[in-house]
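Subject: Handing over the structure

Hi there,

Here is the structure I promised to send over. Have a look at it first, and then read on for what I found.

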Amino acid sequence: MKRVPLTVVPDRAPDSTPCAIHAALTDVTRIYAGQKGKPPFHALGPVSLNLQAGEFFSVVGPSGCGKSTLLDVIAGLNAASSGTVTFEGVPVRDKVPEGVAIVFQEDATFPWLDVYDNAAFGARRAGVPENEIRERVEHALAFMGLKAFTHSYPVQLSGGMRQRVCIARAMVVRPRLMLLDEPFGALDQQTRLLMGEEMLNLWRETGATVMLITHSIDEAVLLSDRIGVMSSCPGRFIETIHTGWSRQRDSNTALDPRFGELTAKVWSLLRGEALKALGNQS
Amino acid sequence: MKRVPLTVVPDRAPDSTPCAIHAALTDVTRIYAGQKGKPPFHALGPVSLNLQAGEFFSVVGPSGCGKSTLLDVIAGLNAASSGTVTFEGVPVRDKVPEGVAIVFQEDATFPWLDVYDNAAFGARRAGVPENEIRERVEHALAFMGLKAFTHSYPVQLSGGMRQRVCIARAMVVRPRLMLLDEPFGALDQQTRLLMGEEMLNLWRETGATVMLITHSIDEAVLLSDRIGVMSSCPGRFIETIHTGWSRQRDSNTALDPRFGELTAKVWSLLRGEALKALGNQS
Amino acid sequence: MKLAARWRLVLVVAFVGALEIASRRAWIDPVSFIPPSKMAEGAWALLASGDYTNDILQTLANASLAVLLAVAGGFVFGVCLFKLPRLRRVVDPLLLSYYAVPIFVVYPVLIVIFGLNRWPLVAIGFLFGVVAMATNTLNGLERVAPVLLRSARAMRMSTIDEIRLITLPASLPYVFTGVKLAVVYAFIAVIAGEFVLAGSGFGFRIAYAYNNFDNPTMYGLMLLLLVFVGTLNMLLHMAEERLYSRTRRASA
Amino acid sequence: MSTLLTSTLKPAHQHRKWSDGALLVVALLALWQVASSLLGAEVLPGPWLTFLKLKSIMSDDDFPENLRVTAVAFALGFAISCMGGVCLGLVLGAQRLAGDIVEPILMAFYAIPKITLYPVVLLMFGLGLYAKVTFGVIHGIIPITIFTMNAVRNMRPVFARTARACRLSPVSYARHVLLPAAVPEVLAGLRIGFSLTLLGTLIGEMFASQSGIGHMLMIAMSRNDSQTIMALASLLFIFATVVNLAMLKWHQRLIKAP
Amino acid sequence: ATLTVTHWIDGMYGVPFAVALDKGYFKQNGVDVTGFITSEGGGTSVRNAMASEIPYGEVALPAAIAAIRQGVPITIVHSGVQSVADLLWVELKDGNVNGIAQMKGKTIGYSSPKSMTEMITIVGLDRAGLSGQVQRKPVGASGTMMIALQQHAVDVAYMTEPSFSARKDQLRIAFRSTDIVPAETQTVGVVRTDYLKAHPDTVKAIIDARSKGVRYIIAHREESAQILAKAYKIDPAVAKSAIDNCLDTDPSYWSTGRFNYTSMDEVVKGLVLIKAIEPGPFDWKKIVDESMLPASERTK
Ligand SMILES: Nc1ncnc2c1ncn2[C@@H]1O[C@H](COP(=O)(O)OP(=O)(O)OP(=O)(O)O)[C@@H](O)[C@H]1O
Ligand SMILES: Nc1ncnc2c1ncn2[C@@H]1O[C@H](COP(=O)(O)OP(=O)(O)OP(=O)(O)O)[C@@H](O)[C@H]1O
Ligand SMILES: O=C([O-])O
Ligand SMILES: [Mg+2]
Ligand SMILES: [Mg+2]
């Protein structure tokens, strides 16, 4: 059993000023129009957030608090009802900026393509040469544990395997900002851990900015530079926590005493919000 | 903020002999036919398993190992390639037996029904009187934290909320055997924990047999009487672990020193399998 | 699919056999209907005689042209309706209602526009096929999972690429149904047009045989037509199966 | 993307809907008028002439009877097409094998010129109402079947699995899962089936008739009476459009989900 | 009950029936006629006739011949229209063709191959010695005829009464079919043979009522035109003009029932010419039954 390490050459050197703001939200809200005489639904915000170039930022929050909505707004897939969004200094509106890759919460594999073509899809669109793509895809699939399924079609895969295909697709394009919406949701804890570590490697090597929405507090604490904890709906950041890990962190970081402290903190912040989210409706 | 406890009257008293076999698999395998000249794919087994009436059984295993396939076979949604499956002594073939409810891994909400009607769907089809249904649905939705969304449609819900609707639908029919395929996969850890506790209450009150597929080891250990740990694909049970908890367990059980031991055990069993699943293809 | 083909064969053979017996025993009035074996003889005779070759080729050419135009035009039209909801809202009620008007009433207009040649017939075939194609395309586009469209946006695809690479493959089963219906409608319309109006072609020959109670020729021609359209449909069906068997969950 | 503003824009939206519709009608009439003056009123009478002709046709003593005759045959034919088409479509869609077997046969059968079936139809149903109904049905039932079948076939598999898990009987599976899941396609099928049933009924009336709209149309055609042809065609078109509009409205009500 | 009359409403074959119904001749003879079934095309008329309650129809002679030869159990019981006086060859008002002989280098439009109209063009051009020097085009049913003329796709085209009378102001007659084939039986009455055997009296009654209708037309053109206008929903002046045109061209345009075998042979010749039937002797006796005609109308 050997694991192929993912050695990736960044398309662009990691930003020299790691504190440069890569993506920024100012006073953003998202209010869904009420349907058929129902009142509008306030789903998000107001939130303000600066994603630093090259940082690993995680978002945690109770179910239905507006995390996916936040991601959509940053990506330009969903227009903010108020406030402004910028990516690399340019306002984002209604169009996904170049350099951003997204892994959605739902299964987004293309059923008519096999695993290889699914993984290669984004890079092909971006015009990466075919032999370069092959190399990247092969790496990504090996790394995702899907090598034996290179020529399988999505229907032949389990839920977790499909999710991994989507992660591979986003990785292969080498984005500067990677938005991940609960990408490991359908994976078992062990696989999740392994994926997390590989994600850290990738992040270090490419210098990309990562925003990860996750339901796992451990994961958030272990992987991130900063963790945004969201309130129940309408989601706002109730606290942003700096972990202070070095870039060289890995799963052993979990043994650091601060790890326990941080998880406990996030946990206690979330407990109240989750109860609120479940209970405030009765 | 108040939580409405779910008080349910079982349709049938909990089985008087808790050791009676409720569902049984003997030497079951599932081999998917290969497409277009590809060889058949051996996805599961052979597995043998006796689900005791009234027990809470969890299944953990690496992604793609055959857990969902196992569930389908028990439910009669997928025919075993060899071996036999029985439920309450009657062979299961090609039809879901009466008394079984299932929560699928995918989003199975009907987009044309609102939350209330989605939750009521199974019970309505089973001919439960409407006022009885209303009572049950209201309970279930309150319990799932969806009361404010009673008349929302699935598109207006987040991923986690939809999953909760599916759990409510299964609960409302008061099954004797409940098959849950990663029902909390899209929920944050806190909500997951709360749901797990409620699930335990429900289980105690109805005396139903529960088989839960989960990716969370903590959850498996905390909730179950027994945990089946599956190997990488083709999935077999490499070990079945008795937790020995009393029926009255709750989240405080996590403080029991055995809890740590058990999770560590499952963790170590899984680690190897997950690595195998990811690596044995390169 | 082998299984389906076999069953289909069994079904067709059984049906044809039953017709053969029923008509040979004269349970069905021989003036109205002849045994299938006689139809086959008729078809063979008229193929062998060579008298009908020009008519057959002419109709096939016209219908094929109409199909091609209807499929291409219908697809583009369907995409436009999908992309332009405002256009769609306005056009939607008219879209399918025009099938209610016996379309050959516009034939004189078409003659004025195109002249007395093959194009009025091609135009009728096109007009009849294009809406079925557009409607199915539209239905298919609406069924594309939103997450796939979001993926397309995430990859910054141009509209053309999005259609080519995401919406078309994702809605291909519907597009195929559209193509199949366009084939059928184009044939119906071209032949009905020849029936009423033209002096040559499959439709005219059928009408002539029909009016002369020449059952072997009429049913022979119908059999040939059935074989043509059936073959075309089978080819489409097979192409669809090929493309789509692997994206569907295996049933057993 | 709709935003909060959408709700406040609703009335304007509604307004635009009507003005768009009006614009289309005006554009169509203008186009018609232009075409008419280009081609000559002899070939294509303009809207006004057509309207006058339609008025005089409708005030004719025989018109109510003609309308009634056609309406009865059509209503019967459409009822049969709907019931038959939807049921058949659901069955063929849900039973993949049955669908695979039957679909190509159905399509090939549909392609043969229906007029050649006339002798057989006459033989089976005689002259009169039922022959016309049959003609309506053979034109209208197949698109309804095909549209429904296709929708059911392409339904998300998890719905079928949920239905099995709930142990639905075939009828309640069809009623509570297949039909609602296939609403847009079934409606499209019904709309096209409506128009084609009407067409089939008219064609039936053209073969053997002493009254009915199809009969009027046939006579107008053989007399090359382009005004009557256009008047009747407009009448049919308007009727079908009104019904189509009603079905679209119904559709919007059926899919309550946003 | 209904009777079948080919081209009822758009051809002149139905006039005697319209008159007979209006004058109550059917009722007098004890036949309850409520209306007429019409259709385009000969084959359909025969089929419709066969399927009716009273399986009688006045249909095109070629269709009747074809049907009988293919084994359809019908019998010809009376003659119908025995002239092609209603079939005219017309051109636009500014045309200059006067007689078929002037057709050289022009284009002529007939309905469809193997039809009566094609036959007439072949025979006519052949007799005029113009075979091969005139382009012949099938232009479909009468509906498209005007368009073809207006588009100058053809110079001369066929037109039938009463359509011609309705458009007299736009058209002029280039030549008449009767110039080419003076006597040509267009329609005959047919009855399903089993019905004929079972209900000879009904058949006789119908034939008699029709024949009274024919006599009435000849005696009262003006009144007949009024009746026709009402039945066909056309302008009385057009009806009058159409009736006049037919009767002026051939006073025995409508047969009272009596067969004119010469003019029927003419049709057979034509059918042979267009290869609809094989050459050879043709025996009318086998397919015609004169016993339904009054004795005075039978051929001796
Ligand atoms: N299209 C919509 N129309 C109306 N309300 C919506 C819509 N989409 C989402 N919502 C509401 O917005 C809120 C936030 O949804 P969102 O999907 O962002 O949650 P989330 O934090 O991603 O939840 P989860 O963890 O369960 O995925 C939810 O309460 C949901 O009901
Ligand atoms: N229809 C199919 N055809 C062929 N192979 C299949 C099919 N369905 C599943 N498989 C294979 O069977 C194996 C088990 O799949 P299954 O869905 O049971 O996994 P799982 O344990 O539920 O995984 P996950 O935790 O990711 O949901 C996988 O390797 C998958 O590739
Ligand atoms: O084939 C038709 O008669 O429409
Ligand atoms: Mg979400
Ligand atoms: Mg699974």
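Below are my notes on the ligands, the metal sites and the chain contacts.

One thing to keep in mind from the start is that this is a predicted model.

**Ligand 1**

Ligand 1 sits between chains A and B. Around ligand 1 there are 21 residues, and those that come nearest are Ser68(A), Thr69(A), Gln105(A), Gln156(B) and Ser158(B). A polar backbone atom of Lys67(A) is 2.7 Å from an oxygen atom of ligand 1, one of Gly64(A) is at 2.8 Å from an oxygen of the ligand, and a backbone N or O atom of Gly66(A) lies 2.9 Å from an oxygen atom of ligand 1. On its own, ligand 1 has 640 Å² of accessible area, and the protein covers 89% of that. Strand S2 (41-52) and H1 of chain A, along with helix H4 (159-172) of chain B, are the elements that give two or more residues to the shell. By residue class, the shell around ligand 1 holds nine nonpolar, 11 polar and one charged.

**Ligand 2**

Where does ligand 2 lie? It lies between chains A and B. Of the 21 residues around ligand 2, the nearest are Gln156(A), Ser158(A), Lys67(B), Ser68(B) and Thr69(B). A polar backbone atom of Cys65(B) is 3.2 Å from an oxygen atom of the ligand. Taken alone, ligand 2 exposes 640 Å², of which the protein buries 96%. The elements giving two or more residues to this shell are helix H4 (159-172) of chain A, plus strand S2 (41-52) and helix H1 (67-75) of chain B. The shell of ligand 2 divides into nine nonpolar residues, 11 polar and one charged.

**The magnesium ions**

Ligand 4 is a magnesium ion coordinated by Ser68(A) through OG and Gln105(A) through OE1, at 1.9 to 2.2 Å. This pair links distant parts of the chain, with Ser68(A) in helix H1 (residues 67-75) of chain A and Gln105(A) in the loop between strand S6 (100-103) and helix H2 (115-125), 37 residues apart. Ser68(A) is partly exposed at 25% relative accessibility, and Gln105(A) is partly exposed at 22%.

In chain B, the magnesium ion that is ligand 5 is coordinated by Ser68(B) (OG) and Gln105(B) (OE1), at 1.9 to 2.2 Å. Ser68(B) belongs to helix H1 of chain B and Gln105(B) to the loop between strand S6 (100-103) and helix H2 (115-125), so the pair ties together parts that are 37 residues apart in sequence. Ser68(B) is partly exposed, with a relative accessible area of 24%, and Gln105(B) is partly exposed with 24%.

**Contacts between chains**

Which chains share the most contacts? Of the eight pairs of chains in contact, it is chains C and D. No contact joins chain A and chain E, and their closest C-alpha atoms lie 49 Å apart. Chain B and chain E are not joined by any contact either, with their closest C-alpha atoms 50 Å apart.

Enjoy exploring it!

Best wishes

Terms used: Residues numbered from 1 in each chain as written. Chains lettered and ligands numbered in written order. Predicted model: local features only at pLDDT ≥ 70, side-chain atom pairs only at ≥ 80, totals over all residues. Heavy atoms only, no water. Near = heavy atom within 4 Å. Polar contact = N/O pair within 3.5 Å; in protein donor to acceptor, adjacent residues only side chain to side chain. Areas by Shrake-Rupley, 256 points an atom, 1.4 Å probe, with all protein chains shown as cover. Helix = DSSP H or I, 4+ residues; strand = E, 2+ residues; numbered from the N terminus. Nonpolar A, V, L, I, M, F, W, Y, C, P; charged D, E, K, R; others polar. Contact = heavy atoms within 4.5 Å. Donors = N, O, S within 2.8 Å, 3.2 Å for Na, K, Ca; no water. Buried < 20%, exposed > 50% of the residue type's maximum accessible area, 1.4 Å probe, protein only.
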